[in-house]
Amino acid sequence: MQPSIFNPWAWRDPSALAGGYTQTTLSATPPDGPDGAHDGPGAPGPGTPVDLVGYHVQASDGRIGTIDEASDDADAGHLVVDTGPWILGQKVLLPAGTVERVDHLDRVVHVDRTRQEIKDAPSYDPESADPEYRDRVGRYYTDRHLPPQQRHPG
């Protein structure tokens, strides 16, 4: 059994937070597209920090809500999503590692979890700075990332 290299609190693709380009340092002009044109007017430029607050969040099987808070802190990246009426107005904490991709033009963050997995996650506690809470949330999402034989018991 190999240990997982999945870190639920790290962004899989940090360039998604910098305009979605693979280049994360500022340049004078955006990279040319295949036809020589630059990205459209709604696309953030390379190296532009992107605020994900207000983006919609799409689970693998449907929409779950809107981002209320986002953090790109090293090894603590996460999204707080307001689920609106879906889970009676509750908020959920999604570690950054669950983000599959970000569509900046449509302002949608796609996560690789189902609505049910997100609904069943540990309840969001905005007051908790408790490392045990963060560990519990991280373990929950890590276990759903691993094949069944590598999951944590209980």
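**View A. Lysine 91 and aspartate 68 form a salt bridge.** Here the closest N and O atoms are 2.4 Å apart. A salt bridge means a side-chain nitrogen of Lys or Arg within 4 Å of a carboxyl oxygen of Asp or Glu. Lysine 91 sits in strand S4 (residues 91-95) and aspartate 68 in strand S2 (residues 62-71), so the pair ties together parts that are 23 residues apart in sequence. Strands (E, at least two residues) and helices (H or I, at least four) are DSSP runs, numbered from the N terminus. Lysine 91 is partly exposed at 32% relative accessible area, and aspartate 68 is partly exposed at 37%. For these words, buried is under 20% relative accessible area, exposed is over 50%, and partly exposed is in between (1.4 Å probe, protein chains only).

This is a predicted model, where local features need pLDDT of at least 70 and side-chain atom pairs count only at pLDDT 80 or more, while totals for chains, interfaces and linings use all residues. Residues are numbered from 1 along each chain as its sequence is written, and side-chain values use heavy atoms, leaving out hydrogens and water.

**View B. Aspartate 112 meets arginine 12 in a salt bridge.** Their closest N and O atoms lie 2.2 Å apart. The two partners come from distant parts of the chain, 100 residues apart: aspartate 112 is in the loop between strand S6 (108-111) and helix H1 (115-119), and arginine 12 is in the segment before strand S1 (56-59). Aspartate 112 is partly exposed at 22% relative accessibility, as is arginine 12 at 39%.

**View C. Arginine 113 also pairs with aspartate 112.** This salt bridge spans 2.3 Å, N to O. Arginine 113 is buried, with 1% relative accessibility. Through shared partners, Arg12, Asp112 and Arg113 join into one network.
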